[in-house]
Amino acid sequence: MSRQPDEILRDALAHFEIVLAYAEHDLDDQIVIDAICMRLSAGVEALATLEPNMRDRLFGADWPLMWGMRNRIAHGYLLVDTAIVRQTLAQDIPKIIDRIQDRLGSS
């Protein structure tokens with residue numbers, strides 16, 4: 001049985017909220033960065049299971065960038081630039097959370 005979109009979105013949201021909680025710790029600590037990357041990857045992977053039309057409506061042109069970051073984490077882990085992770089935490093994760101919350105609030 002396939003999962004409902006709201007269930008997928010709630011799962012992704014939980015991962016991204018944990019990412020923000022981890023970000024309150026020392027971002028110079030590699031273990032913290034690793035934990036953030038793993039949750040980022042898990043959140044994006046959850047979103048990848050949405051129907052493509054819904055994913056496109058929610059994230060549009062940002063989706064390929066999100067999936068690209070997931071791929072960098074999953075396949076080139078030692079090459080993940082911590083400056084990009086920090087930028088993602090500050091600029092992108094709050095927007096992603098807002099989009100998901102807006103969608104969940106309207107359903």
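User: What does contact mean here, and what does serine 41 touch?
Analyst: Contact means heavy atoms within 4.5 Å. Leaving aside neighbours within four places in sequence, serine 41 is in contact with Arg70 and Ile73.

User: Where does serine 41 lie?
Analyst: Serine 41 lies in helix H2, residues 30-48. Helices (H or I, at least four residues) and strands (E, at least two) are DSSP runs, numbered from the N terminus.

User: Is serine 41 buried or exposed?
Analyst: Serine 41 is buried, because its relative accessible area is 6%. Buried means under 20% relative accessible area, exposed means over 50%, and partly exposed is in between (1.4 Å probe, protein chains only).

User: What kind of model is this, and how are residues numbered?
Analyst: This is a predicted model in which local features need pLDDT of at least 70 and side-chain atom pairs count only at pLDDT 80 or more, while totals for chains, interfaces and linings use all residues. Residues are numbered from 1 along each chain as its sequence is written, and side-chain values use heavy atoms, with hydrogens and water left out.

User: OK, the whole chain now. How many helices and strands are there?
Analyst: The chain has five helices and zero strands. From the N terminus on, its elements run α-α-α-α-α.

User: What is the radius of gyration, and what would a compact globule have?
Analyst: The chain has 13 Å, which agrees with the value near 13 Å for a compact globule of 107 residues. The radius is taken over C-alpha atoms, and the globule rule is 2.2 Å times the number of residues to the power 0.38.

User: And what box do the C-alpha atoms fill?
Analyst: Taken along the principal axes, the box is roughly 40 × 25 × 25 Å.

User: How much of the chain is buried?
Analyst: Of the 107 residues, 35% count as buried. The accessible surface comes to about 6,400 Å², and 53% of that belongs to carbon and sulfur atoms. Those areas come from the Shrake-Rupley method with a 1.4 Å probe; for residues, only the protein chains shown count as cover.

User: Which residues have the most contacts inside the largest nonpolar core?
Analyst: They are Phe16, Ile36, Leu47, Phe59 and Ile100, in a core of 30 residues. H1, H2, helix H3 (52-59), helix H4 (62-75) and helix H5 (82-106) each give two or more residues to this core. H2 gives the most, with eight residues. A nonpolar core is a set of buried Ala, Val, Leu, Ile, Met, Phe, Trp, Tyr and Cys residues joined through side-chain atoms within 4.5 Å.

User: What does phenylalanine 59 touch?
Analyst: Not counting residues up to four places away in sequence, phenylalanine 59 touches Leu47, Met66, Ile96, Arg99 and Ile100.

User: How far is glutamate 17 from isoleucine 93?
Analyst: They are 76 residues apart in sequence and 8.6 Å apart in space, C-alpha to C-alpha.

User: And where is glutamate 24 found?
Analyst: Glutamate 24 is found in the loop between H1 and H2. Glutamate 24 counts as exposed because its relative accessibility is 72%. Glutamate 24 and leucine 9 are 15 residues apart in sequence and 23 Å apart in space, C-alpha to C-alpha.
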